[in-house]
Amino acid sequence: MAVFLDEVFPQVRGMFGIDRLDEELLVMRLFAHERHLRPGGTVSGPAMFSLADVSAYVATMARIGREALAVTTNCSIDFMRKPVAGQDVLAECRVLKLGRALSVCDVLLFSEGQAAPVARANLTYSLPPAKG
């Protein structure tokens, strides 16, 4: 899946890693670098949004196969607390519903080593029509 992500989104190469991927759960990590920080030394909202969005994409692709043209149609994200400075951010992504046209995912974001989530996102992906 990481190779596919590199192929279709080369602009995010090296930003994310996959810690776990199975039928139940995807755990993806944002390798927190200086470019992801906002003033105050914390991981920025846009960086956390990217992690949530990419994790929903990867979790969906893992179930339907490689469909580069699946697109985000909705995202709602709640930022609940400040991420720990200097720590990677982990996403726990669950596919809640997978249909013919849509994939609905729930994503919890955590600072590595912390139990309390820093953000929660709900995402919907539109899936391309089946071929044939």
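# Close-up views of a predicted protein chain

**Figure 1. Side chains of strand 2.** Leu 26, Met 28 and Leu 30 point one way from strand 2, Val 27 and Arg 29 point the other way, and all are buried (buried means under 20% relative accessible area, exposed over 50%, and partly exposed in between, with a 1.4 Å probe and protein chains only). In a regular strand the side chains alternate between the two faces of the sheet. Strand 2 covers residues 26–30 and is mostly covered, with five of its five residues buried. Helices (H or I, at least four residues) and strands (E, at least two) are DSSP runs, numbered from the N terminus. The model is predicted, so local features need pLDDT of at least 70 and side-chain atom pairs count only at pLDDT 80 or more, while totals for chains, interfaces and linings use all residues. Residues are numbered from 1 along each chain as its sequence is written, and side-chain values use heavy atoms, with hydrogens and water left out.

**Figure 2. Strand 2 and its two partners.** Strand 1 (residues 16–21) and strand 2 run antiparallel and are joined by five bridges; two strands pair if DSSP finds at least two bridges between them. Ile 18 has Met 28 in strand 2 as its bridge partner. The link from strand 1 to strand 2 is a hairpin through four residues. Strand 2 also pairs with strand 6 in the antiparallel sense, over five bridges. Here the bridge partner of Leu 26 is Cys 93 in strand 6.

Figure 3. Strand 7 (residues 102–111) is mostly covered, seven of its 10 residues being buried. Nine bridges pair strand 6 (residues 89–98) with strand 7 in the antiparallel sense. Cys 93, the bridge partner of Leu 26, has Val 107 as its bridge partner in strand 7. Strands 6 and 7 form a hairpin with three residues between them. Strand 7 also pairs with strand 8 (residues 119–126), in the antiparallel sense and over eight bridges. In that pairing, Val 104 has Thr 124 of strand 8 as its bridge partner.

**Figure 4. Surroundings of Leu 98.** Leu 98 is found in strand 6. Because its relative accessibility is 37%, Leu 98 counts as partly exposed. Leaving aside neighbours within four places in sequence, Leu 98 is in contact with Thr 60, Arg 63, Ile 64, Ser 103 and Leu 127 (contact means heavy atoms within 4.5 Å). Leu 98 and Leu 25 are 73 residues apart along the chain, and their C-alpha atoms are separated by 14 Å.

**Figure 5. Surroundings of Ile 77.** Ile 77 lies in strand 5. With 22% relative accessibility, Ile 77 counts as partly exposed. Apart from neighbours within four places in sequence, its contacts are Phe 49, Leu 109, Ala 119, Arg 120 and Ala 121. Phe 9 is 68 residues from Ile 77 in sequence and 22 Å from it in space, C-alpha to C-alpha.

**Figure 6. Arg 81 in a loop.** Arg 81 is placed in the loop between strand 5 (71–79) and strand 6. Its relative accessibility is 43%, so Arg 81 counts as partly exposed. Not counting residues up to four places away in sequence, Arg 81 touches Ala 116, Pro 117 and Val 118. From Arg 81 to Pro 117 the separation is 36 residues in sequence and 7.5 Å in space, C-alpha to C-alpha.

**Figure 7. The whole chain, for orientation.** The protein chain has two helices and eight strands, which follow the pattern α-β-β-β-β-α-β-β-β-β along the sequence. Its C-alpha trace spans about 50 × 25 × 25 Å along the principal axes. A compact globule of 132 residues would have a radius of gyration near 14 Å, and the chain agrees, having 14 Å (taken over C-alpha atoms; the globule rule is 2.2 Å times the number of residues to the power 0.38). Of the 132 residues, 39% count as buried. Among contacts with a separation of 6 or more, 60% are accounted for by residues 24 or more positions apart. The accessible surface comes to about 7,000 Å², of which 53% belongs to carbon and sulfur atoms; accessible areas come from the Shrake-Rupley method with a 1.4 Å probe, and for residues only the protein chains shown count as cover.
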